[in-house]
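Please look through the structure below with this report beside you.

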There are 4 protein chains.
Amino acid sequence: MIRIAVAGATGYTGIELVRLLMGHPQVELTCVTSQQYSGQLLADVFPQVGQRVDLVCDPLDVDVIARKADFVFTALPHQAAMDIVADLVGAGKRVVDLSADFRLRDADLYAQWYQAHSQKDLLPKAVYGLPEIYREKIVPAMLVANPGCYPTSAILALSPLLSHPAVALDSIVVDSKSGTSGAGRGAKTGSLFCEVNEGFKAYSVASHRHTPEIEQSLAAMAGQTVKITFTPHLLPISRGILSTCYATLTSEWTAAELVALFREYYRGEPFVRVYDAGSLPNVGYVRGSNFCDIGVAVDQRTGRVIVVSAIDNLVKGAAGQAVQNMNLMLGFPEEAALTALPLFP
Amino acid sequence: MIRIAVAGATGYTGIELVRLLMGHPQVELTCVTSQQYSGQLLADVFPQVGQRVDLVCDPLDVDVIARKADFVFTALPHQAAMDIVADLVGAGKRVVDLSADFRLRDADLYAQWYQAHSQKDLLPKAVYGLPEIYREKIVPAMLVANPGCYPTSAILALSPLLSHPAVALDSIVVDSKSGTSGAGRGAKTGSLFCEVNEGFKAYSVASHRHTPEIEQSLAAMAGQTVKITFTPHLLPISRGILSTCYATLTSEWTAAELVALFREYYRGEPFVRVYDAGSLPNVGYVRGSNFCDIGVAVDQRTGRVIVVSAIDNLVKGAAGQAVQNMNLMLGFPEEAALTALPLFP
Amino acid sequence: MIRIAVAGATGYTGIELVRLLMGHPQVELTCVTSQQYSGQLLADVFPQVGQRVDLVCDPLDVDVIARKADFVFTALPHQAAMDIVADLVGAGKRVVDLSADFRLRDADLYAQWYQAHSQKDLLPKAVYGLPEIYREKIVPAMLVANPGCYPTSAILALSPLLSHPAVALDSIVVDSKSGTSGAGRGAKTGSLFCEVNEGFKAYSVASHRHTPEIEQSLAAMAGQTVKITFTPHLLPISRGILSTCYATLTSEWTAAELVALFREYYRGEPFVRVYDAGSLPNVGYVRGSNFCDIGVAVDQRTGRVIVVSAIDNLVKGAAGQAVQNMNLMLGFPEEAALTALPLFP
Amino acid sequence: MIRIAVAGATGYTGIELVRLLMGHPQVELTCVTSQQYSGQLLADVFPQVGQRVDLVCDPLDVDVIARKADFVFTALPHQAAMDIVADLVGAGKRVVDLSADFRLRDADLYAQWYQAHSQKDLLPKAVYGLPEIYREKIVPAMLVANPGCYPTSAILALSPLLSHPAVALDSIVVDSKSGTSGAGRGAKTGSLFCEVNEGFKAYSVASHRHTPEIEQSLAAMAGQTVKITFTPHLLPISRGILSTCYATLTSEWTAAELVALFREYYRGEPFVRVYDAGSLPNVGYVRGSNFCDIGVAVDQRTGRVIVVSAIDNLVKGAAGQAVQNMNLMLGFPEEAALTALPLFP
């Protein structure tokens with residue numbers, strides 16, 4: 001049994017890692033950290049794990065983590081993760097980092113959208129952990145930068161089109177909608193039930209930090225710079241991201257032809273389901289699972305393709321993908337701990 | 001007191017008309033019809049109107065309506081409305097029709113998206129009831145075609161840009177999200193609580209019937225044909241439409257300049273609120289009201305403008321706009337019965 | 001026009017007072033206070049009032065309030081309200097206080113459930129503002145203690161039974177369920193969307209502070225001490241309280257006979273709707289309105305009566321009842337500003 | 001591998017059985033039936049099982065089921081299940097029946113609350129499938145009547161008190177609140193999203209069919225007839241039942257003493273979690289799991305105990321308990337396929 005630590009276990013992503021890892025036959029969760037709840041039983045903070053998890057939250061201390069665990073997930077805020085990750089890697093631990101700190105390969109680009117990067121030397125060693133695209137690089141990686149939730153949904157939706165390529169690179173619009181768990185567990189007025197419930201809004205329009213992360217992967221596929229317009233919205237649901245992606249086709253395609261293109265591209269992938277032409281995904285159909293469901297439509301009147309992708313932001317958009325990366329890194333079956341069917345209704 | 005009939009009072013739009021009309025100081029609701037609940041007390045079908053409305057549902061009979069009322073709202077399914085409306089107009093009644101039957105001026109276009117039109121002669125006499133654009137024509141109209149919910153949100157969001165004009169006509173994408181009351185009160189599996197709750201999906205992609213209705217108004221402003229890509233989505237909320245509209249700017253604009261353009265365009269409008277640059281609307285802030293809230297942002301990196309509009313689909317998107325039209329037609333203050341502030345939370 | 005102040009306007013109860021008062025033909029809202037948002041435009045904090053309310057939030061200063069307004073609503077936390085209310089009354093203002101501070105007539109009882117009372121002298125002058133029971137005393141009152149949300153729902157459900165009397169006094173159980181706006185607008189983890197959504201729980205079992213408030217009114221009716229078991233629960237909705245009240249009948253009654261008893265008791269009341277036997281209320285049917293809907297059933301097998309009452313906790317449970325009290329105090333029609341039908345769906 | 005059939009797989013309970021059984025290492029799902037979707041791929045009806053389940057829905061035919069499967073779950077409406085179950089048992093199949101048809105041992109009682117029973121001979125052979133109470137009888141049973149959702153929550157909450165006994169038998173009130181999946185997947189107006197969302201109501205007060213089922217088990221424990229008052233309510237959530245149970249204590253107990261009593265009673269149970277005194281369950285903490293969480297409080301002022309239990313109505317209240325019963329019947333580990341932690345948020 002590999003001993004696992006989750007640093008930052010009392011956020012929504014952290015506790016989702018706990019949920020998934022407890023169902024993994026080849027690992028043992030031996031350490032959870034939490035600044036806010038240090039010293040408390042994890043089951044007292046999250047009664048849902050009662051009778052199954054009897055760990056006490058440790059403070060965020062690299063020595064403690066390194067002693068207690070062989071492999072580490074860091075589910076910390078960006079900037080806070082940076083140095084901790086470096087220390088863990090320095091201590092010889094393999095790490096899947098769920099923050100944004102090691103996702104952008106260009107430290108200047110990172111500085112432009114976030115703040116200065118204190119661990120630039122580590123950036124070239126980090127592998128972007130989207131298994132459907134970068135599987136081979138993930139397997140031997142010491143440090144995997146787990147993709148953002150929006151980027152996962154957008155990159156999986158657009159990659160087959162850009163790889164072909166089938167669309168005009170300056171025509172891409174990504175209109176995404178995320179459940180509220182994406183905003184984290186911090187006690188902010190804007191995340192209160194009464195503020196979110198029965199509401200819907202766009203936010204961070206033309207300025208969201210996931211924009212360069214999406215563009216980085218699309219550019220890698222296109223072999224040139226890609227600029228997109230990205231608009232996130234807040235859904236009054238707990239889990240799920242649906243991204244509706246628009247691009248102008250450079251030649252004529254039917255929806256069925258594009259579905260065939262997507263299915264060829266994702267052939268054999270355990271977690272990508274491409275729908276038949278005419279059918280479209282729903283975040284409700286992936287809830288609690290690591291699936292990314294994709295539907296493709298063509299607007300013949302305007303020459304645009306519309307790709308709709310759905311993921312659970314806490315699973316394929318965070319903790320599930322992180323476990324998928326761990327499985328690849330440790331030589332486990334890629335689907336281990338990730339086979340449960342979605343919870344519907 | 002003008003005597004008012006609501007034909008089709010037991011759908012969500014119909015009962016919303018009842019709610020609003022009961023608060024109108026210059027009209028009296030004297031007739032409500034319902035095929036399904038004919039003969040029943042309206043308050044037995046909708047307990048929320050108990051102790052305030054004591055009308056019994058009449059069957060859908062033009063003679064009855066014509067005898068009991070001076071002015072008629074028809075809140076019937078498309079195709080079903082067509083002949084009834086013609087009969088009511090023939091009987092000398094002024095009508096606001098909330099179906100799609102008289103919204104498209106071109107009977108062939110209507111036939112292409114719906115089915116054959118049986119009242120083509122009446123089409124030229126119908127006025128498209130979007131007061132912010134067509135106020136003068138509405139005032140004297142005998143028949144007003146009340147706009148669709150999605151078109152209201154999209155046309156109000158895009159009109160200032162097309163009138164100027166400030167955007168490339170072939171670049172427009174409208175990504176709309178609607179609350180579930182837009183699907184009506186029919187007992188369909190897809191509208192069940194457990195199917196909609198905690199879910200989110202796109203539907204009728206590149207094929208929704210509101211597309212030509214939006215294009216008709218945009219073309220009128222642009223002075224030439226306009227083709228858009230329109231994608232509706234289903235939100236797990238009861239009320240509200242948020243439309244996120246994208247277009248490529250033909251010259252450089254800041255968000256503040258566009259806000260000024262929008263404010264000039266909607267100067268004096270009682271129901272359009274243009275937000276300061278940097279602020280964006282939320283469907284929660286218009287719930288139960290006739291407001292259309294609009295926010296404008298610019299993506300300098302890609303040269304696109306993003307306009308976000310929010311309405312209550314049952315009010316500004318249906319019953320409230322219908323009452324606004326009636327107010328114009330009957331010479332009442334335009335805001336009569338529509339002054340209540342939104343219900344939040 | 002009477003000039004009105006709302007002290008504490010940026011909580012959910014405060015902003016609901018603003019919503020209702022803006023629709024009142026005989027008053028003018030001239031002052032809103034907020035500690036947190038002092039100096040900001042109210043419409044910047046709550047965009048829903050934009051274009052209709054242009055007040056800037058004042059700090060909580062009795063002199064300012066007294067200068068700007070003739071009549072004051074205090075929507076402040078308990079304990080904070082106490083001295084402010086006393087100062088306002090001292091300055092000659094009539095006050096409706098929405099806190100708990102002047103609801104209990106017995107300062108010792110207050111001290112036992114809350115903390116020491118600093119304005120005991122004022123207690124005897126305060127009138128409990130439940131108009132259906134205490135209308136005559138409210139009319140001339142200088143200070144009205146607006147009832148709690150749970151007590152309003154429970155007392156209106158049980159009063160006819162206790163006044164008759166028809167039930168055993170030691171048999172009463174009140175099982176109440178409240179929407180989340182009842183928890184206020186404070187940024188607490190427990191009120192986050194993801195914590196509340198798709199959840200349901202009991203809280204403060206056998207220890208909620210509204211218990212003595214309910215008992216005080218029931219005892220007044222029964223002419224002797226009454227002890228009840230009261231259990232509040234948290235509903236994943238924004239607005240609404242439903243109370244299911246149980247008591248053992250002291251003689252045989254049918255549901256129809258009890259309905260008749262309730263209708264006689266509430267005869268002429270504008271805001272109480274007693275349902276036919278066999279029908280039961282739903283919080284959705286009172287949303288946004290000042291109604292209290294009541295349904296009565298009898299369990300013949302066990303000899304118990306079950307009374308179910310539904311209110312909107314922010315309206316009849318707070319701001320609406322406060323306006324109703326103001327209407328009585330100022331000689332306005334009791335329904336002024338409270339005639340809007342519930343918002344459904 | 002034991003071959004399993006689910007008769008009635010396209011209701012919410014049926015598809016939940018599919019979800020759970022697909023994760024069971026010792027069984028293979030070989031047959032699903034559906035009257036409505038016969039001949040269709042199950043994954044076309046429920047896209048969430050796509051790429052994992054490739055079964056086509058069979059019509060409801062006992063011969064087909066008997067040929068394809070060794071063990072059968074019947075998730076059919078009451079009355080419809082009766083004869084099918086008898087035929088399956090006659091064909092030598094062991095059956096877990098999730099309908100109400102074999103839960104009441106007394107055919108006259110069944111007839112009084114449902115309709116005449118056509119398989120009275122089979123009633124004595126059916127075992128009531130609540131493993132925490134009847135584990136030994138379930139192991140060898142040919143036919144297990146899987147308990148109702150409300151009864152599961154109420155009986156587990158009350159059994160320790162009645163077995164002791166600690167409460168007055170005529171004092172019991174069960175106030176239950178269920179998520180909407182309990183109403184099934186039928187397309188009824190009352191189950192529409194807009195009718196349920198933001199609403200809450202009681203229904204079937206003093207007349208719900210689960211009443212005698214609860215009483216039957218309580219009477220078995222008490223050794224005498226027990227009559228309770230039972231009130232179900234409809235929660236605007238998809239999954240979950242919370243039952244708040246009231247009874248008068250016959251002697252003085254502290255909450256801590258009662259917690260100890262409950263923990264002793266449920267010692268070693270894998271799916272019952274008794275909370276510390278002062279803590280209370282939330283349906284959100286058991287979502288998707290087979291747990292029954294129980295909290296106990298005492299109202300010293302009135303001498304009542306309040307027990308709050310939470311289950312997922314589709315899991316411990318239906319499909320999960322059915323799988324638990326199958327595990328017992330087939331000699332599998334009782335927790336097989338039921339170890340996943342709850343999905344929160």
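## A proline and its surroundings

Leaving aside neighbours within four places in sequence, D:Pro147 is in contact with D:Arg103, D:Tyr128, D:Gly129, D:Leu130, D:Thr152 and D:Gln321. Two residues are in contact if their C-beta atoms, placed from the backbone, lie within 7 Å. D:Pro147 sits in the loop between strand E6 (143–145) and helix H7 (149–163) of chain D. Helices (H or I, at least four residues) and strands (E, at least two) are DSSP runs, numbered from the N terminus.

Is D:Pro147 buried or exposed? D:Pro147 counts as buried, with 31 C-beta neighbours inside 10 Å. A residue is buried if 20 or more other C-beta atoms lie within 10 Å of its own, exposed if 12 or fewer, and partly exposed in between; these C-beta atoms are placed from the backbone. D:Ala222 is 75 residues apart from D:Pro147 along the chain, and 19 Å separates their C-alpha atoms.

## About the model

This is a predicted model: local features need pLDDT of at least 70, side-chain atom pairs count only at pLDDT 80 or more, and totals for chains, interfaces and linings use all residues. Residues are numbered from 1 along each chain as its sequence is written, while chains are lettered from A and ligands numbered from 1 in the order in which they are written.

## A buried strand

Take strand E9 (residues 229–234) of chain D. Six of its six residues are buried, so the strand is largely enclosed by the rest of the structure. Both faces of E9(D) are covered. On one side are D:Thr229, D:Thr231 and D:His233, and on the other D:Phe230, D:Pro232 and D:Leu234.

Which strands pair with E9(D)? Strand E7 (residues 173–178) of chain D runs parallel to E9(D), joined by six bridges. In this pair, D:Asp175 stands opposite D:Thr231. Strand E8 (residues 201–202) of chain D pairs with E9(D) in the antiparallel sense, over two bridges. Here D:Lys201 has D:Leu234 as its bridge partner. Two strands pair if DSSP finds at least two bridges between them.

Now go to chain A. Helix H7 (residues 149–163) and helix H11 (residues 315–330) pack at an angle of about 100°, with their axes 8 Å apart. That makes H7(A) roughly perpendicular to H11(A). Angles of 65 to 115 degrees count as roughly perpendicular, under 35 as roughly parallel, over 145 as roughly antiparallel and the rest as oblique. Axes are lines fitted to C-alpha atoms, for helices over the stretch in contact, and angles run from 0 to 180 degrees between N-to-C directions.

Which residues meet here? From H7(A) come A:Cys149, A:Thr152 and A:Ser153; from H11(A) come A:Lys316, A:Gly317, A:Ala318 and A:Gln321. By class, this contact has two nonpolar, four polar and one charged residues. Ala, Val, Leu, Ile, Met, Phe, Trp, Tyr, Cys and Pro count as nonpolar, Asp, Glu, Lys and Arg as charged, and the others, Gly among them, as polar.

## Backbone exceptions

Most residues other than glycine have a negative phi, and most peptide bonds are trans. A:Glu198 is not a glycine, yet has a positive phi of about 60°. A:Glu198 lies in the loop between helix H8 (193–196) and strand E8 (201–202) of chain A. A:Glu198 is buried, with 26 other C-beta atoms within 10 Å. D:Gln79 is not a glycine either, and has a positive phi of about 75°. With 15 C-beta neighbours inside 10 Å, D:Gln79 counts as partly exposed.

The peptide bond from D:His164 to D:Pro165 is cis, with omega near -10°. D:Pro165 is in the loop between H7 and E7 of chain D. The bond from C:Phe344 to C:Pro345 is also cis, with omega near 0°.

## How the chains meet

Between chains B and C, 25 residues of chain B are in contact with 25 residues of chain C. The chain B side has twelve nonpolar, eight polar and five charged residues. Between chains C and D, 40 residues of chain C are in contact with 39 residues of chain D. The chain C side divides into 21 nonpolar, nine polar and ten charged.
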